[in-house]
Amino acid sequence: MERINPSELDLKEKIVHINRVAKVIKGGRRFSFNATVVVGDRNGYIGTGMGKANEVTDAIAKATESAKKNIIRIKLNGNTIPHSVLGKFNAGKVFLMPASPGTGIIAGGAARSILEACGIKDVFAKSHGSSNKHNLVKATLRALNSLLDLTEVAKKRDLTPRQVFEL
């Protein structure tokens, strides 16, 4: 798998979730912040990252840098996905289904952020299980990463693309 250079892409970042966490110590509580960020070029490239720091801005900066290091290419079929797919991460599950042109993104918070950043315009999404934003982001990313296009399916089955539809 080749590494994608983030400086060559016109990336836009979206903050999915900021969480304040506390560590209890002898003198009281010490607060810090977790940030989950999605970066994408709205043309099939997407990355997610998580950062933790004592200040919100530092946590967002760390998460953004992490997201830029984890960029992957998603296989799209026009403005939608090629087929239905289920992604799982821990207790979070996300089911994605292609939709006809003009439908829009029918999805909840965390999944919507990823789908918009990726450039998908028509898709249905349903999340099951955990509502933890971090788990849903990872589950959506796994679902998108497991998409196959017609040529890959034909190659796996030792068929031509036309023969795949004839079966």
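Reader: At what angle do helix H2 and helix H3 pack?
Author: In this predicted model, H2 (residues 109–118) and H3 (residues 133–145) pack at about 40°, with axes 8 Å apart. Helices are DSSP runs of H or I, at least four residues, numbered from the N terminus. Axes are lines fitted to C-alpha atoms over the stretch in contact, and angles run from 0 to 180 degrees between N-to-C directions.

Reader: So what do you call H2 and H3 relative to each other?
Author: Oblique, therefore. Under 35 degrees is roughly parallel, over 145 roughly antiparallel, 65 to 115 roughly perpendicular, and the rest oblique.

Reader: Which residues make the contact?
Author: From H2, Ala110, Ala111, Ile114 and Leu115. From H3, Lys133, Leu136, Val137, Thr140, Leu141 and Leu144. Contact means heavy atoms within 4.5 Å.

Reader: New topic. Which ring does the charged end of arginine 20 sit over?
Author: The ring of phenylalanine 31, 4.0 Å from its centre. That needs NZ of Lys or CZ of Arg within 6 Å of the ring centre and within 35 degrees of the ring normal.

Reader: And arginine 73?
Author: Its charged end sits over the ring of tyrosine 45, 4.8 Å from the centre.

Reader: How many helices and strands in the chain?
Author: Five helices and eight strands. Strands are E runs of at least two residues.

Definitions and conventions
Residues are numbered from 1 along each chain as its sequence is written. This is a predicted model: local features need pLDDT of at least 70, side-chain atom pairs count only at pLDDT 80 or more; totals for chains, interfaces and linings use all residues. Side-chain values use heavy atoms; hydrogens and water are left out.
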